[in-house]
Amino acid sequence: MSVLAALDIGLALLVFAVAAWTVFAPGAFAATVGYVVYGLLLSLVWIRLFAVDVALTEAAIGGGVTGVLLIGAAARLRQAEMTTVGEAPSGVTRLFAACLCVLVAAALAGVVLLLPDQGPTLAPQAMERLPETGLGNPVTAVLIAYRSFDTVLEKVVLVLAVVGVWSLAADRYWGGAPGEARAERPEPTLAFFAQMLAPIGIVVGVHIFWVGADEPGGAFQGGAILAAMWIILMMARLTEAPQTNAFWLRLALIAGPAVFLAAGVAGVAVAGGFFAYPSGLAKPIILFIEAFMVLSIAVTLPMLVAGPPRREPRR
Amino acid sequence: MRFVIDVFSVAAIGGGVFFFLAGTVGLLRFPDPLSRLHALTKADNLGLGLVVLGLLPRTESLLGALELVAVWALVQLAGATAAQLIGRAVRRQGPAA
């Protein structure tokens with residue numbers, strides 16, 4: 001057995017062990033930490049499968065942003081967790097839930113095992129038409145050219161998620177700012193870290209977006225890194241979340257899907273089809289759309305993390 | 001020349017692996033959070049540092065070498081910050097936590 005095969009098997013076992021630990025961990029916080037580790041290990045798995053784009057997304061979203069969201073949720077639930085210890089679900093309920101989980105897992109495993117060895121694939125067609133888009137990265141071509149309508153809808157879902165989070169605000173806080181206020185004296189360690197990291201992270205985020213046309217990367221991964229920089233600045237309390245009724249904020253939230261949709265509709269008039277790009281101009285149009293998507297993602301994810309408004313809006 | 005580089009790489013990466021192993025053993029065996037943190041930072045700092053040092057002569061370009069050093073520096077920054085934050089939380093809650 002070669003060294004790489006042994007490493008792959010070890011990695012798979014480790015992923016499995018961390019998944020099991022996440023399920024059986026005592027308390028929400030420990031489970032969340034397990035889940036973040038699980039996400040990071042999964043991104044290594046994706047790298048071993050030569051899917052670097054997926055690995056980047058998994059690390060940024062699966063490990064990073066989701067991890068922050070879940071840690072925030074766990075911290076808020078800690079109080080409730082302590083007071084409801086006696087109200088844990090009964091044995092029958094647990095057994096039922098366990099059976100259901102095993103059933104779903106078995107069904108999924110069965111489906112995966114029943115797949116034909118040579119699965120149906122559109123990869124050759126995708127690669128064949130790639131030059132027409134002017135892009136070098138087939139993943140970006142699938143996201144923004146071949147299946148652009150799916151991608152628009154994904155971005156609309158993100159906007160809806162922000163609306164959902166904001167709707168949890170009390171009436172008097174509607175339009176106010178979420179999260180903690182900017183501190184007079186920010187936590188020194190975290191503030192130092194944020195000040196050192198943010199300039200590097202912003203450059204890396206923009207770079208990942210820009211190279212996404214030809215190499216692994218893209219709007220989502222780049223936007224997620226930019227979002228992480230804003231999140232860490234807010235966590236260090238060097239800055240505070242803007243008021244949710246700020247016009248620029250709402251514009252930035254919808255800029256990505258709006259520009260994307262407008263480009264799709266313009267395709268009807270210019271290129272003869274919904275989401276068709278005029279030949280020769282596909283790459284500049286795709287990069288133009290992606291730039292606005294980066295902006296929207298970089299604003300949407302921090303707003304999801306910041307949570308519902310918790311202060312009265314200033315007039 | 002090739003041979004010298006190979007020996008250097010094996011020695012440095014082997015040293016790095018040793019520090020990762022020692023750090024992991026320390027993380028599992030040390031009695032309290034602060035000394036566990038101490039063990040962990042050795043893995044970050046020396047372990048990764050030696051692995052990067054061993055890989056440096058094998059990079060294809062200067063840019064690749066700089067990328068490796070940058071990765072190490074960023075891990076240093078993140079590791080040191082996390083260790084400080086955890087250390088502070090431990091001090092606030094008392095060592096029993």
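The following conversation works through the predicted model shown above.

User: Before we start, what kind of model is this, and how are things numbered?
Analyst: This is a predicted model, in which local features need pLDDT of at least 70, side-chain atom pairs count only at pLDDT 80 or more, and totals for chains, interfaces and linings use all residues. Residues are numbered from 1 along each chain as its sequence is written, while chains are lettered from A and ligands numbered from 1 in the order in which they are written.

User: How many helices and strands does chain A have?
Analyst: Chain A has 12 helices and 0 strands. Helices (H or I, at least four residues) and strands (E, at least two) are DSSP runs, numbered from the N terminus.

User: What box do its C-alpha atoms fill?
Analyst: Along the principal axes, the C-alpha atoms of chain A fill a box of roughly 65 × 65 × 40 Å.

User: And how much of chain A is buried?
Analyst: Of the 315 residues in chain A, 31% are buried. A residue is buried if 20 or more other C-beta atoms lie within 10 Å of its own, exposed if 12 or fewer, and partly exposed in between, with C-beta atoms placed from the backbone.

User: What share of the contacts comes from residues 24 or more positions apart?
Analyst: Such pairs account for 76% of the contacts in chain A with a separation of 6 or more. Two residues are in contact if their C-beta atoms, placed from the backbone, lie within 7 Å.

User: Which domains does chain A have?
Analyst: The assignment gives domain 1 (1–85), domain 2 (87–117) and domain 3 (126–315). These bounds come from an automatic or database domain assignment.

User: How do domain 1 and domain 3 touch, and what separates their centres?
Analyst: Taken over C-alpha atoms, the centres of domain 1 and domain 3 of chain A are separated by 24 Å. Their contact takes 11 residues from domain 1 and 14 residues from domain 3. The domain 1 side divides into 7 nonpolar, 3 polar and 1 charged. Here Ala, Val, Leu, Ile, Met, Phe, Trp, Tyr, Cys and Pro count as nonpolar, Asp, Glu, Lys and Arg as charged, and the others, Gly among them, as polar.

User: Let us turn to helices. How do α1 and α2 of chain A pack?
Analyst: Helix α1 (residues 3–24) and helix α2 (residues 28–48) of chain A pack at an angle of about 155 degrees, with their axes 9 Å apart. Axes are lines fitted to C-alpha atoms, for helices over the stretch in contact, and angles run from 0 to 180 degrees between N-to-C directions. The two helices are therefore roughly antiparallel; angles under 35 degrees count as roughly parallel, over 145 as roughly antiparallel, 65 to 115 as roughly perpendicular and the rest as oblique.

User: Is their crossing left-handed or right-handed?
Analyst: The crossing of α1(A) and α2(A) is left-handed. A crossing is left-handed if the near helix is turned anticlockwise from the far one by less than a right angle, and right-handed if clockwise.

User: Which residues make that contact?
Analyst: Among them are A:Leu11, A:Val15 and A:Val18 of α1(A), and A:Tyr38, A:Leu41 and A:Val45 of α2(A). By class, this contact has 14 nonpolar, 2 polar and 2 charged residues.

User: What about α8 and α11?
Analyst: In chain A, α8 and helix α11 (residues 247–270) pack at an angle of about 155 degrees, with axes 9 Å apart. That makes α8(A) roughly antiparallel to α11(A), and their crossing is left-handed. The residues that meet include A:Ser148 and A:Val152 in α8(A), and A:Phe260 and A:Gly264 in α11(A).

User: Where is A:Ser148, and is it buried or exposed?
Analyst: A:Ser148 is found in helix α8 of chain A. A:Ser148 is buried, because 23 other C-beta atoms lie within 10 Å.

User: Which residues does A:Ser148 touch?
Analyst: Not counting residues up to four places away in sequence, A:Ser148 touches A:Gly264 and A:Phe275. The C-alpha atoms of A:Ser148 and A:Phe275 are separated by 7.0 Å, although these residues are 127 residues apart along the chain.

User: Where does A:Phe275 lie, and what is its phi?
Analyst: A:Phe275 is in the loop between α11 and α12 of chain A. Its phi is near 65 degrees, a positive value in a residue other than glycine. A:Phe275 counts as buried, with 21 C-beta neighbours inside 10 Å.
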